[in-house]
Amino acid sequence: MVQSRHILTDGDLPLEQLSTVQPISYEEYLRRRGYTALPKAIHTLGPSGVLEMIKRSGLRGRGGAGFPTGKKWEMVVQRKADRKYLCCNAAEDEPGTFKDRYLLRSNPHQLIEGAILAAFAIGAAEVYLYINGRYEEEIEFMEQALQTAKEKGHWGKQVEGTSLSIELKICKSPGTYVAGEETALLEVVEGRSAKPRQKPPYYPAIQGLYGMPTVVNNAETLSNVAHIIREGVDWFRTLGTATSPGTLVFTLTGDVNRPGLYELPLGTSLRELIEEYGGGVCGGKQLKAVFPGGPSNTIIAADQIDVALDFDALKAIGSGLGTGAVIVMSEDACMVQSAIQYARFFARESCGQCPPCKLGTAHLSEILEKIESGQGDEKDLQQIEQVCGMVKGRGYCYLLTGASIAVESIFRCFREEYVAHVQQRACPLVGTA
Ligand SMILES: Cc1cc2nc3c(=O)[nH]c(=O)nc-3n(C[C@H](O)[C@H](O)[C@H](O)COP(=O)(O)O)c2cc1C
């Protein structure tokens, strides 16, 4: 049997059609054998059986770090506590990322069933679906799907007619980037502002929501769960690579002919995604660089695009898969301008509670703006790496490290362009397009 590469989606989707996608109905979800994993889990597998399957499936988190999902669940299962929680993270506010928005819109029941299965496996009676507050229509679709799923007995006081009780609630995220960080998420669910907690000691699996062991999983991660439980581990592992099984919903943006959403087996080459699925670089231009995993992961130059898009292959070349936000840049892109764009984003999105983050991201923006305007000198070039080196790894969360990785990797990859800005006292690319 030839396995389809689409598990979570119905096919590739051009970016401009995203807002027109309608959710599949409950009946259609049932027709696709939806809500059959749940009774199988409850009546046959039990919580430990579900956990075991997710561990053996090799599913890794789709929220950025690629952490093994089964291992994350197991850490919570092993803790003794009065209550345990599950939070589904659909805060999604990184540049170039819109896969969770699509998954929420197109197939809310897939996510709901996955979340109920995860809650069942870890022993959580409460689930928070944490959704970007600006995704108003998606929230509406999710509310309707939740209502139907509850009426049909899939969640609530008597899940699948048993004495099991699992409640699901939507919590709106403030629609800022940092609000997607897992401990900032917990703060928001508890009713405070989106400011990350210090780790240690506040690892969600140990002291999470209301101090209780908590699993925080990305919406795409949870969307995979019902498929794995229903179709089996061996089936799941036929897609992807041995260490990165399954598919990933890539979001392809930037200077590419067909920007959009492409669900592909992990391990597909970056070249294939850009050239075959994305139709190549716009206007027949040469490719210059790509962020293969959003701006918080190292940029790579055009000669590296034969890399496989999986967690380990990208790590091996010093980058990362992140959330699968692939951002393409053509020969016309000014790499100082690109760095400014991301530095400004991180500076704007810094929550401000950690001084190195607030000051570091602002300072990086200033240095880059000075260079771009032709006012920079050799000292400014040195400062880029110095500031990045100084701030990396500081702050309560990864935002600052992500910011320094973006800026530093662009600088290191395209140093000669920065030198040209300083020597020519202007952008050397102006007027060349
Ligand atoms: C600044 C920042 C923003 C983040 N935003 C998101 C987000 O929008 N969605 C998400 O799933 N994870 C986000 N993360 C990662 C989460 O902290 C967490 O690792 C993830 O939700 C875990 O899910 P997973 O194990 O399923 O990947 C963010 C991390 C940082 C540092």
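Helix α16 is mostly covered: 13 of its 15 residues are buried (under 20% relative accessible area, with exposed over 50% and partly exposed in between, using a 1.4 Å probe and protein chains only). The model is predicted, so local features need pLDDT of at least 70 and side-chain atom pairs pLDDT 80 or more, while totals for chains, interfaces and linings use all residues. Residues are numbered from 1 along each chain as its sequence is written, and side-chain values use heavy atoms, without hydrogens and water.

Helix α16 covers residues 399-413.

Y396 sits in the loop between α15 (378-391) and α16. Y396 is partly exposed, at 34% relative accessible area. Beyond residues up to four places away in sequence, Y396 touches P196, R197, Q198, Q353 and C354 (contact means heavy atoms within 4.5 Å). K199 is 197 residues from Y396 in sequence, yet their C-alpha atoms are 6.7 Å apart.

The chain as a whole has 17 helices and ten strands (DSSP runs, H or I of at least four residues and E of at least two, numbered from the N terminus). Its radius of gyration is close to the globule rule value for 433 residues, so the chain is as compact as a globular protein of that length (C-alpha atoms; the rule is 2.2 Å times the number of residues to the power 0.38).

| Chain property | Value |
|---|---|
| Radius of gyration | 22 Å |
| C-alpha span along principal axes | about 75 × 45 × 35 Å |

Buried residues make up 58% of the 433.

Methods:
The expected span of a helix is 1.5 Å times one less than its number of residues.
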